[in-house]
Amino acid sequence: MAKVKTTFFCQNCGSQYAKWQGQCTSCKAWNTIAEEVIQKPEKSDWKTPTKATSKRVSKPLLINDIDTSQEARLNMQDDEFNRVLGGGMVHGSLTLLGGEPGIGKSTLLLQIALNLKYKTLYVSGEESQKQIKMRAERIQPNSNNCYILTETKTQNIFKQIEALEPDIVVIDSIQTLHSDYIESSAGSISQIKECTTELIKFAKETATPVLLIGHITKDGHIAGPKILEHMVDTVLQFEGDRNHVFRILRANKNRFGSTNELGIYEMQGSGLREVSNPSEILISEKDEELSGNAVAATLEGLRPLMIEVQALVSTAVYGTPQRSATGFNAKRLNMLLAVLEKRAGFRLGAKDVFLNITGGITVDDPAIDLAVVAAILSSNEDVALPSDYCFAAEVGLSGEIRPVQRVEQRILEAEKLGFSTIFVSKYNKIALKNTGIKTQLISKIEDVVSFLV
Ligand code: TYD
Ligand code: MG
C-alpha cells in the first residue's frame, strides 16, 4: 500500500513544514501547526485537460495589440456592488467576499444572483435548497435565471457547471468545499488552496466570473491561508455592526478598480437595500435643536458622508472621570479633551465625557475632530448648535485647526444636504466659487469657542 503522504501547515498563514513544531517560523504564531493528509493529484484540472489545452502556449504580445474589448464588465444590477467592483464584474475574475457570521454575506450574494440578467449558479455548502428558497422568498419571489445547487465536492460542482454552462458562479462558502485530490478535511489549509486553484483554473479558462464567500477568523482575517487573498483578483469585505442596520461593503484588494470605493446597504426584513444617499439616514430628524450634537462632513473611501456626533458632558461622580467613545478612538478623544483644557480653558478634568457616533459607524477620518470638539463644547455649555452647521477639520495638539483632504467634495455634499454653514480650516485651499453654503474659515480652537458659545 502506498504510504499516506502528510504535511504540516500553519493554520494561520499557510506555511508548510516537513515536521511538527510549536511555533510557526514565518508568522510567529504558537500552536497553529497541524498535520494534514495530502495526496498529489494525477491531474487536478477543473475537468480532464484535452491535449489542446495542455499544449496551449501563450505568446508575448505588444501591449498596444492586446484586445481589451473582451473585458467588458458584467452588470451586477446593483449600483453599490458595481461601484465597489470598479464598474461591474470582469470576465474570468475571482472575487472573495469576507465578513463576520450573520453579517449578510449569503443574503447579499443570493440577492444579487436573483436579480442578475445572466444565468447564475449559486452553489451552497451551508444550506439546503429549501432553506435557500425560503431565504429567496423573503428577498424577491421570482427569478428565472438562478439555479441552486447544494454540493461541496468540487469535481461534482464542475460536472454540473459543464452541463449548465452558467454565466456566473457563486460559491457559499470556500471553507465548505473539498476536492477529491486532497484528503484532509474541508476548511483545512490544503483543501482551501486546492479548491481555490481549481476554481481559478475554471474561471480563467472559461472566462466565467466566480464569487466566493469566505469566513473570517475571530481576529477579522479571512479564514485560511493568506495566500487565498493573493490568489483571487478581488477581496471584498462586508462589515458593520450586527445590531445596527447598516452594512458597508469595501474592497481590500481589487485588480480591476480602486479600493477607495465603498457600498452601503441597509438590512431590512426583505433583504438588503442599497443606500444611495447615506448621509440622509445618518443624520437624525429632530424637531428641536439639542445640545451635544454636531455634524461632521467625513469621507468614507472616496464618498462624502455626513455623520452625526453626540457628546454628553456631565459632572464626574467618582474621583476619576469617565471617558467613553463609541465609533471613535478613545485615545484621540482624550487628546482632544486635553487640547480643549489647555487652549480653551475648559475644566473638563472633573467631568465625565461620553461620545457616540450615531448609526453604529466607526470613523477614522481625522476631519471629524472639529465636530467632536463642537459637540463636547455644546454639551458642556448646554447650548444647542444650529442644526444646519457642519464641520470638517482636524485639530492639532497646539489647538490649531488643520486642513483636510478633498475639502471641496465635503463642502458640496454639505450644500447638497441643505447645511447653511460649514467650518473648515483657514489653511485649506478652496477653489470653489458661488456655493450656496457659507464656508467659515477658522485657524485656532479659540475661534470655535467664540463662534459657538
Ligand atoms: P446571512 O446572509 O445568513 O449571513 P452570513 O451568510 O454572512 O452568515 O444573514 C443572516 C442575517 O441577516 C440574519 O441575522 C437575519 C438577517 N436577515 C434580514 O434581516 N433580512 C433578510 O431578508 C434576510 C434574508 C436576512
Ligand atoms: Mg452564510
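Author: The account below begins at the ligand and then turns to side-chain pairs, the surface and the backbone.

The model is predicted, so local features require pLDDT of at least 70 and side-chain atom pairs count only at pLDDT 80 or more, while totals for chains, interfaces and linings use all residues. Residues are numbered from 1 along each chain as its sequence is written, chains are lettered from A and ligands numbered from 1 in the order in which they are written, and side-chain values use heavy atoms, with hydrogens and water left out.

The shell around ligand 1 has 15 residues, of which Gly-102, Ser-106, Thr-107, Gln-268 and Gly-271 come nearest; a residue is near a molecule if one of its heavy atoms lies within 4 Å of it. Oxygen atoms of the ligand take part in the following pairs. The side chain of Thr-107 places an N or O atom 2.6 Å from an oxygen atom of ligand 1. From the backbone, an N or O atom of Gly-269 lies 2.9 Å from a ligand oxygen, and one of Gly-104 lies 3.1 Å from a ligand oxygen. Of the 570 Å² of accessible area that ligand 1 has on its own, the protein covers 74%; accessible areas come from the Shrake-Rupley method with a 1.4 Å probe, and for residues only the protein chains shown count as cover.

Helix 3 (105-115), helix 4 (129-139) and strand 11 (262-268) are the elements that give two or more residues to this shell. Helices (H or I, at least four residues) and strands (E, at least two) are DSSP runs numbered from the N terminus. The most is given by helix 3, with three residues. By class, the shell divides into three nonpolar, eight polar and four charged residues. Here Ala, Val, Leu, Ile, Met, Phe, Trp, Tyr, Cys and Pro count as nonpolar, Asp, Glu, Lys and Arg as charged, and the others, Gly among them, as polar.

A salt bridge is a side-chain nitrogen of Lys or Arg within 4 Å of a carboxyl oxygen of Asp or Glu. Because Glu-137 and Lys-133 are four residues apart in helix 4, about one helical turn separates them. Glu-137 is partly exposed, with a relative accessible area of 48%, and Lys-133 is partly exposed, with a relative accessible area of 48%; buried means under 20% relative accessible area, exposed over 50%, and partly exposed in between (1.4 Å probe, protein chains only).

The structure holds 16 salt bridges. In another, the closest N and O atoms of Glu-80 and Arg-83 are 2.9 Å apart. These two are three residues apart in helix 2, so about one helical turn separates them. Glu-80 counts as buried at 1% relative accessibility, whereas Arg-83 is partly exposed at 27%. Arg-347 and Glu-341 form a further salt bridge, with closest N and O atoms 3.8 Å apart. Arg-347 is exposed, with a relative accessible area of 62%, and Glu-341 is partly exposed at 28%. Elsewhere, salt bridges that share partners join Arg-332, Asp-369, Glu-394, Glu-400 and Arg-402 into one network.

Ile-216 lies in the loop between strand 8 (210-215) and helix 7 (226-231) and is buried, with a relative accessible area of 14%. Its C-alpha atom is separated by 6.0 Å from that of Glu-100, 116 residues away along the chain. Thr-234, in strand 9 (residues 234-239), is buried at 2%.

On the surface, Leu-61 lies in the loop between helix 1 (51-55) and helix 2 (79-85), and counts as exposed at 60% relative accessibility.

A cis peptide bond joins Asp-172 and Ser-173, with omega about -5 degrees; Ser-173 is found in the loop between strand 7 (168-172) and helix 6 (189-206). Asn-31, although not a glycine, has a positive phi of about 55 degrees. Asn-31 sits in the loop between strand 2 (16-17) and strand 3 (33-37) and is exposed, with a relative accessible area of 64%. Glu-165, also not a glycine, has a positive phi of about 50 degrees. Glu-165 belongs to the loop between helix 5 (154-164) and strand 7, and is exposed at 60%.

Key: A polar contact is a pair of N or O atoms within 3.5 Å; within protein, one must be able to donate a hydrogen and the other to accept it, and residues adjacent in sequence count only if both atoms are side-chain atoms.
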